Amino acid sequence: MTITIVIIILTAIISISAFSNAKVIDDLIFYPPAITQRKQWYRFITCGFIHADWAHLIFNMLSLYFFGQAVEYYYKAYDLMGKTAYILLYVSALVVSLLPTYFKHRDNYYYRSLGASGAVSAVVTAAALFTPWSTVAIFGIIKLPYILYVVLFIGISAYMSKRGQDNINHDAHLWGAIYGLVFTVLLILAFRPGLIEPLLENLMSPRFGR
């Protein structure tokens, strides 16, 4: 069983149990004042295992299923610490993607956030480094290469974050996506620096639909 499947199962169990249990949400949700005043640092991670509703949960877990298994495969195939690196990417992305949100809202008693979107965003961008010209179907209709999807995703997240007119934590999406790229590039430089050149050649040689 892949680490991706384990994360999906664990997240689904906790999220579904939280749908009908407000205490579970209160105990696990990202609530900056609880971190600032009560030092409940675990909330950076636990909030990634609960979701607002079925649509939120299904979208994140489907994205993780398709992109996560690819990242797991390439981390192992290229000897980039395999499952250990993948777990580190996912868990650390939950934290890093929420740091800007924390500093912005650390004394805001009205702010809460939940969901695995920051970590999932990191996994999506990591996958794009290895297979930039593979395609993803947006809403099952529009096919885009991974790399174009990532560029649009980061651009839209930055724009929506600046607007700040909805209840979605676009900052987590944005910084999670950037972190996934940085983490994977640093991982490659540390363990397989010779891999950079062929990856760049692949990026510069569009082959749609692979």
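1. A friendly start with the surface: the chain has an accessible surface of about 11,100 Å² (Shrake-Rupley method, 1.4 Å probe; for residues, only the protein chains shown count as cover), and 68% of that area belongs to carbon and sulfur atoms. Please keep in mind that this is a predicted model, in which local features need pLDDT of at least 70 and side-chain atom pairs count only at pLDDT 80 or more, while totals for chains, interfaces and linings use all residues. Residues are numbered from 1 along each chain as its sequence is written, and side-chain values use heavy atoms, with hydrogens and water left out.

2. On overall size, the C-alpha trace spans about 50 × 35 × 30 Å along its principal axes. The radius of gyration is 17 Å, which agrees with the value near 17 Å for a compact globule of 210 residues (taken over C-alpha atoms; the rule is 2.2 Å times the number of residues to the power 0.38).

3. The secondary structure comes to eleven helices and two strands (DSSP runs: H or I of at least four residues for helices, E of at least two for strands, numbered from the N terminus). From the N terminus on, the order is α-α-α-α-α-α-α-α-β-β-α-α-α.

4. Helix α1 covers residues 3-19 and reaches 24 Å from its first C-alpha to its last, close to the 24 Å expected (1.5 Å times one less than its number of residues). Its buried residues are I3, T4, I7, I8, T11, S15 and A18 (buried means under 20% relative accessible area, exposed over 50%, partly exposed in between; 1.4 Å probe, protein chains only). What covers them includes α2, α5 and α6 (contact means heavy atoms within 4.5 Å).

5. Four salt bridges are present (a side-chain nitrogen of Lys or Arg within 4 Å of a carboxyl oxygen of Asp or Glu). One of them joins D27 and K23 at 2.7 Å, N to O; both residues lie in helix α2, four residues apart.

6. R112 pairs with D26 in another salt bridge, at 2.9 Å between the closest N and O atoms. R112 sits in the loop between α7 and α8 and D26 in α2, so this pair ties together parts 86 residues apart in sequence.

7. K83 and E72 also meet in a salt bridge, at 3.5 Å, N to O. K83 belongs to α6 and E72 to α5; K83 is partly exposed at 44%, whereas E72 is buried at 8%.
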